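Hi,

Here is the structure I promised to pass on to you.

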Amino acid sequence: MDLAPKQAQTDSGTHTGTAEQRLRFFMQDVTGRALVMMESATQGQQGIAMDLVQEAFISLHKSYSDKTVDEWYPLFYTILNNKLQDWRRKEARRASPFSLFKKISIDDDEELIDVVDESTPNPFEFLNQEVTMEEIQDAIHKLPVRQQQAFMLRAWEGFDTITTAQIMNCSEGSVKTHYHRAIQGLRIALEHLNPHSGGSSDE
């Protein structure tokens with residue numbers, strides 16, 4: 001399972017062969033990152049995260065086995081996002097027995113005015129600042145779910161704003177908002193671990 005940000009595909013073997021072979025290569029590439037995303041979104045519930053990822057793979061194979069591997073990436077995360085939102089709604093109703101009588105809002109998709117979508121950062125830039133992958137994941141885990149998704153889809157998976165908005169089922173402005181706030185939140189959370197930031201943890 002690869003936890004690193006997705007790199008450009010160079011192995012032509014991932015694009016050929018039977019649907020089962022291509023799915024196996026695809027799963028090997030994406031499972032690690034998808035699990036990290038789902039574990040953060042479900043507050044560290046590894047069992048639930050694994051179930052969501054597995055269900056998304058099954059749905060992908062059942063409905064889109066004829067698609068190319070490149071087409072699978074946004075399709076898989078769209079399916080995964082839908083399953084996550086379904087799980088969150090069920091959890092919200094379970095926590096509030098009377099929620100069936102009112103609309104449940106679990107997403108915070110308000111847009112900021114004039115938010116500029118920063119260039120996609122490489123998460124490994126944090127590693128160059130002597131921050132470990134575990135510390136990055138812990139900081140991501142503390143972000144609101146929609147910010148987690150926007151950051152990991154943009155920075156980890158390399159999707160552009162339009163594709164990310166389609167996956168998250170929200171506007172491009174909302175993606176920019178969540179992404180901008182996620183980057184700011186991560187910088188603040190990890191700043192004290194960066195010896196070159198010029199700041200002091202005693203302030």
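Throughout these notes, contact means heavy atoms within 4.5 Å. Please bear in mind that this is a predicted model, in which local features need pLDDT of at least 70 and side-chain atom pairs count only at pLDDT 80 or more, while totals for chains, interfaces and linings use all residues. Residues are numbered from 1 along each chain as its sequence is written, and side-chain values use heavy atoms, with hydrogens and water left out.

**The chain as a whole**

The chain has eight helices and zero strands; both are DSSP runs numbered from the N terminus (helices H or I, at least four residues; strands E, at least two). Of its 203 residues, 40% count as buried, where buried is under 20% relative accessible area, exposed is over 50% and partly exposed is in between, with a 1.4 Å probe and protein chains only. Among contacts with a separation of 6 or more, 69% come from residues 24 or more positions apart.

**Helices α1 and α2**

Helix α1 covers residues 19–41 and helix α2 residues 46–64; they pack at an angle of about 150°, with axes 10 Å apart. The axes are lines fitted to C-alpha atoms, for helices over the stretch in contact, and angles run from 0 to 180 degrees between N-to-C directions. That angle makes α1 roughly antiparallel to α2, since angles under 35 degrees count as roughly parallel, over 145 as roughly antiparallel, 65 to 115 as roughly perpendicular and the rest as oblique.

On the α1 side, the residues that meet α2 include Leu23, Phe26, Met27 and Val30. Their partners in α2 include Met50, Leu52, Val53 and Phe57. By class, this contact has 14 nonpolar, three polar and two charged residues (Ala, Val, Leu, Ile, Met, Phe, Trp, Tyr, Cys and Pro are nonpolar, Asp, Glu, Lys and Arg charged, and the others, Gly among them, polar).

**Two residues to look at**

Threonine 42 sits in the loop between α1 and α2 and counts as buried because its relative accessibility is 1%. Leaving aside neighbours within four places in sequence, threonine 42 touches Ile48, Ala49, Leu52, Leu84 and Trp87. The C-alpha atoms of threonine 42 and leucine 84 are 8.4 Å apart, although 42 residues separate them along the chain.

Glutamine 147 belongs to helix α6, residues 145–156. Its relative accessibility is 12%, so glutamine 147 also counts as buried. With neighbours within four places in sequence again left out, glutamine 147 is in contact with His178, Arg181 and Ala182.

Best wishes
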